[in-house]
Amino acid sequence: MPLTLATPGKQVTIVKVGGNAAVKQHLNEIGFNEGAAVTVVTALNGNVIVKVKESRVAIDAGMANKIVCR
């Protein structure tokens with residue numbers, strides 16, 4: 001499921017990061033790697049705030065849809 005559909009407060013594991021090379025590189029640099037555990041803090045209209053490696057990161061709906069998790 002895309003990250004936009006993850007339940008707030010629940011930890012999920014990233015399975016795949018999609019998008020072009022630049023998007024993948026950017027997401028990788030801020031901690032969105034395959035196998036990484038992330039927690040959705042809050043979600044509003046597809047935009048999410050995610051806790052990644054003890055940091056909180058805001059991601060718009062377009063980028064969040066490129067991150068597949070389970």
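1. Surface. In this predicted model, the protein chain exposes about 4,100 Å². Carbon and sulfur atoms supply 51% of that area. Buried residues make up 31% of the 70 residues.

2. Charges. The protein chain carries 8 positive and 4 negative charges. The mean position of the positive charges lies 7 Å from the mean position of the negative ones.

3. Fold order. The protein chain has 2 helices and 5 strands. Read from the N terminus, the order is β-α-β-β-β-α-β. The radius of gyration is 10 Å, close to the 11 Å that the globule rule gives for 70 residues, so the protein chain is as compact as a globular protein of that length.

4. Extent and contacts. The C-alpha trace spans about 30 × 25 × 20 Å along its principal axes. Take the contacts with a separation of 6 or more: residues 24 or more positions apart account for 53% of them.

5. Salt bridge. How many salt bridges does a search of the whole structure find? The search finds 1. The side chains of Lys51 and Glu54 meet in a salt bridge, with an N to O distance of 3.8 Å. The two partners can be set side by side. Glu54 has 69% relative accessibility and counts as exposed, because exposed means over 50%. Lys51 has a relative accessible area of 36%, so it falls between the 20% and 50% limits and is partly exposed.

6. Glu54 backbone. Glu54 also deserves a look for its backbone. Its phi is near 65 degrees, a positive value in a residue other than glycine. Where does Glu54 lie? Glu54 is in the loop between E3 and strand E4, and E4 covers 55-59.

7. Asn45. Asn45 is not a glycine, yet it has a positive phi of about 55 degrees. Its place is in the loop between strand E2 (37-44) and strand E3 (47-52). Is Asn45 buried or exposed? Asn45 is exposed, with a relative accessible area of 72%.

8. Lys53. The loop between E3 and E4 also holds Lys53. Lys53 is exposed, at 61% relative accessible area. Which residues is Lys53 in contact with, leaving aside its neighbours within four places in sequence? They are Gly31 and Asn33. For a spatial reference, take Val17. Lys53 and Val17 are 36 residues apart in sequence, and their C-alpha atoms are 17 Å apart in space.

9. Arg56. Arg56 is found in strand E4. Its relative accessible area is 64%, so Arg56 is over the 50% limit and counts as exposed. Leaving aside neighbours within four places in sequence, Arg56 is in contact with Val41, Ile49, Val50 and Lys51. Lys51 in that list is the salt-bridge partner of Glu54. Val40 is 16 residues from Arg56 along the chain, and the C-alpha atoms of the two are separated by 9.3 Å.

10. Where to look. For the E3 to E4 loop, start with Lys53 and Glu54.

Conventions:
Residues numbered from 1 in each chain as written. Predicted model: local features only at pLDDT ≥ 70, side-chain atom pairs only at ≥ 80, totals over all residues. Heavy atoms only, no water. Helix = DSSP H or I, 4+ residues; strand = E, 2+ residues; numbered from the N terminus. Rg over C-alpha atoms; globule rule 2.2 N^0.38 Å. Buried < 20%, exposed > 50% of the residue type's maximum accessible area, 1.4 Å probe, protein only. Contact = heavy atoms within 4.5 Å. Areas by Shrake-Rupley, 256 points an atom, 1.4 Å probe, with all protein chains shown as cover. Lys, Arg positive; Asp, Glu negative; His and termini not counted. Charge placed at Lys NZ, Arg CZ, Asp CG, Glu CD. Salt bridge = Lys/Arg side-chain N within 4 Å of Asp/Glu carboxyl O.
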